[in-house]
Amino acid sequence: MDPITAAQAKLAQGDAAGATALLAAAGDAGNAEALAELAIWHIGGRYVARDLPAARALLRRAATIGHVDAALMEIALTANGSGAPADWPAALALLRRAATTDPLAAQHLELLGKMAITPQGEPARLPAPLVLHRDPLVQRFPGFCTPIECAHIASVAAPSLQPATVFDPASGRMIAHPIRASDNAPIGPTQESLVVQAINRRIAAATGTVVAQGEPLTVLRYGPGQQYKLHLDTLPGQGNQRIRTAILYINHNFAGGETVFPDLGLKVAPQMGDLLAFDNVDAAGAPHPRSRHAGLPVASGTKWIATRWIRAAPTSAWALSDEARAASS
């Protein structure tokens with residue numbers, strides 16, 4: 001029996017400590033799969049306590065042996081500062097090393113080379129915004145991302161797409177989202193390729209915020225008839241409020257699906273690569289009632305967007321993940 005299967009069997013028996021020890025021993029014997037699996041356990045914090053520095057060390061060992069996925073996760077965590085201070089140059093050096101043997105890493109490196117970024121991964125320039133409304137501020141950035149950047153975002157999220165759900169306190173179960181009919185997937189810290197992180201930094205610059213204020217970039221896919229009904233993006237009872245929203249349109253081969261602000265008399269037709277950014281709060285930081293918006297039903301084809309909700313103060317994907325897990329447990 002391979003060590004991962006054996007570890008899963010121990011978990012089924014309620015022996016998390018034994019499962020962890022088994023993987024650690026296999027890793028010490030040079031099993032890269034066991035090292036990567038144990039790193040994932042330390043990242044998830046389900047079977048063992050979350051320990052990001054330990055996870056980073058395990059990923060390094062697995063990547064050194066030749067584990068491709070471990071190498072890509074290590075690159076992501078190095079750049080976004082999970083388990084150690086963020087270090088873009090070090091992450092880029094790791095990507096260059098991985099690209100010598102891994103075609104996917106080579107693709108990431110090639111795309112990164114086409115992006116206008118500084119040596120620290122920050123945007124070197126931004127497209128000029130079109131102001132669509134001033135109170136609340138609504139801006140459109142034409143050509144914010146290239147078609148290949150849009151395709152990259154979709155490819156990262158596609159394997160994780162799931163129907164939108166929400167926790168129902170009455171039943172204690174996850175149920176279909178009452179106002180959003182779509183498939184969605186957040187791009188979490190371990191999935192954030194350097195390309196995704198460079199785009200997140202570009203969004204931060206365009207919205208006048210820092211990258212740490214953003215929630216994970218979330219990809220949403222709408223089929224025919226699916227929509228996001230009229231809503232506010234602000235969160236009730238939340239101290240660290242969602243002050244801005246950025247929506248990146250990542251395809252345009254569909255009909256319908258416009259973003260509408262009925263109180264502003266504004267309808268925005270999606271165009272691949274354009275970014276729509278708008279304020280959710282007023283000058284006092286309270287939810288702005290006129291920022292209500294909706295994604296109209298898709299008439300034909302499939303609509304893909306990537307949304308980044310931006311908080312008033314820096315937040316953590318790890319903390320948000322723990323909050324979501326606590327709410328659904």
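Let's start with helix H7, residues 103–113, where the buried residues are Ala105, His108, Leu111 and Leu112. Keep in mind that you're looking at a predicted model.

What do the buried residues of H7 pack against? Their partners are H5, helix H6 (88–99), H8 and H9. Let's follow H9 from here.

Two packed helices are described by the angle between their axes and the distance between the axes. For H5 (residues 68–80) and H9 (residues 194–206), the angle is about 25° and the axes are 9 Å apart. Since angles under 35 degrees count as roughly parallel, H5 is roughly parallel to H9. The crossing of H5 and H9 is right-handed. On the H5 side, Ile75, Ala76, Ala79 and Asn80 make the contact, while H9 brings Leu194, Gln197 and Arg201. Sorted by class, that's four nonpolar, two polar and one charged residues.

Next up is helix H8, residues 147–157, which packs on H9 at about 115°, with the axes 10 Å apart. Here the crossing is left-handed. Look for Glu149, His152, Ile153 and Val156 in H8, meeting Val195, Val196, Ile199 and Arg202 in H9. This contact of H8 with H9 has five nonpolar, one polar and two charged residues.

Technical notes
Residues numbered from 1 in each chain as written. Predicted model: local features only at pLDDT ≥ 70, side-chain atom pairs only at ≥ 80, totals over all residues. Heavy atoms only, no water. Axes fitted to C-alpha atoms, helices over the stretch in contact; angles between N-to-C directions. Helix = DSSP H or I, 4+ residues; strand = E, 2+ residues; numbered from the N terminus. Parallel < 35°, antiparallel > 145°, perpendicular 65-115°, else oblique. Left-handed = near helix turned anticlockwise from the far one by under 90°. Contact = heavy atoms within 4.5 Å. Nonpolar A, V, L, I, M, F, W, Y, C, P; charged D, E, K, R; others polar. Buried < 20%, exposed > 50% of the residue type's maximum accessible area, 1.4 Å probe, protein only.
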